[in-house]
Amino acid sequence: MIFLHSDGKIDIYEVTSTSDLKRFISFPDRLYIGNPNYVPSLMMDEMENLRKDKNPAFEYCDARYFMAFRGKEPVGRIAAIHNRRFNEVWHKNCVRFSRYDVIDDLEVSRLLLAEVENWAKSIGMEEIQGPMGFCDLDHQGLLVDGFDQMGLFITSYNHPYYMQHLEALGYQKLTDWVEMKMEKPEILDPRIKKIAEYSLKKLNLHEIRLKKTKDVLPYAKGIFELLYEAYQHIYGVIPLNDRQIELYIGQFITLVKPEFLTLIADENNKPVSFGVVIPSLAETVRKCKGRLFPFGWIHMLRYLTSKKHETLEFLLIATDPKYWNSALGAEIIVHTFEGAEKYGIRYAETGPMLETNFRIQSMWSRFHAIIHKRRRCYVKPLDKTERKLYTNLQL
């Protein structure tokens, strides 16, 4: 690590080596020891996400990672990400902060966020946004409601004081995401199945029934292309490059059981709608403490071979915009319900959905779904005079 500065009590370092990065990634594991709702990230996935030689997002992103220490004890971390593609697509001049975790000490937050802000000023940026990752499939949003709920494999957990720190330091709400939870009904409303059958027949579409997980691979790229087509109007969404798609196929798609992947295609077998669902990985990742080696793979193997699960996690759902008014979501519900019956599922949880994305949220209205978590993206404008002065000093 490179020592940057100290206020006399707290020392700030920049992460520079692979061993430093492992310490950066594992810091929250220390912070949340004993917390039943914290779900660690998989170390191997985070190493892929944060290493410049592994994550293809670095073709259009720059990043710096900072850690705070009190003596030899780590007390906080933060990542700063300059996503040039996001700025181009959304006409912004911002730097994102991500992987923000701190002890309950406002001074630690102030010093870490100051590093992000100073870097942003040095490259002429106008504001800070976050928590946001390298793309919209990365961790995003600070938990602001639902602290008594266990996190998901695809989300992050944080203490309530995080938002108090951010707001005290001048950060304000930019947008929120909501997450929903529902209980599986004993019997699926037969009208949903009729709607699904009618919609497919009317539109000359069909569902591709997959027998093995690997059967999805020929369609995987089309799925991610469809994902962008469906969500490109949602704030923060940017197109992925081919290497990123390969990365996320490796991290997500291969975990999906055929019973929980709904794939609807047109007469040319081109995907026009899909739903990617997995039995919850949260408890498995907790048991292996975010590491597959030396023994964590045992818990993962048990997860992959188990025929009994309690909760589903909805990872991705998308439909080609030209079919938005065609009720194709009914087929996703039917297929998912069949899998839920087979595996003894009792509950289902959605991943984060933008609070204004009522079309997706309405899919779950028949199941008495409740919003049980809320995440927030914050923004802070940077002073123009101060930014210009700082940039000139750097030059």
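Here is a short walk through three places in this structure: R96, the surface around W297, and F358. The model is predicted, so local features need pLDDT of at least 70 and side-chain atom pairs count only at pLDDT 80 or more, while totals for chains, interfaces and linings use all residues. Residues are numbered from 1 along each chain as its sequence is written, and side-chain values use heavy atoms, with hydrogens and water left out.

Let us start with R96, found in strand β5, residues 94–102 (strands are DSSP runs of E with at least two residues, helices runs of H or I with at least four, numbered from the N terminus). R96 is buried but has no salt bridge, and D138, the nearest side chain of opposite charge, is 7.0 Å away. Buried means under 20% relative accessible area, exposed over 50%, and partly exposed in between, with a 1.4 Å probe and protein chains only. A salt bridge needs a side-chain nitrogen of Lys or Arg within 4 Å of a carboxyl oxygen of Asp or Glu. A polar atom of the R96 side chain does lie 2.4 Å from the backbone oxygen of G133.

Now to the surface, where F293, W297 and L301 form a nonpolar patch with about 360 Å² of accessible area together. Such a patch joins nonpolar side chains within 5 Å, from residues with over 30% relative accessible area and no salt bridge; areas come from the Shrake-Rupley method with a 1.4 Å probe. W297 belongs to helix α10, residues 296–305, and counts as partly exposed because its relative accessibility is 42%.

Finally, F358 sits in helix α12, residues 358–361. F358 counts as exposed because its relative accessibility is 57%.

How values were computed:
Lys, Arg positive; Asp, Glu negative; His and termini not counted. Polar contact = N/O pair within 3.5 Å; in protein donor to acceptor, adjacent residues only side chain to side chain. Patch = residues over 30% accessible without salt bridge, like charges linked within 9 Å, V, L, I, M, F, W, Y side chains within 5 Å.
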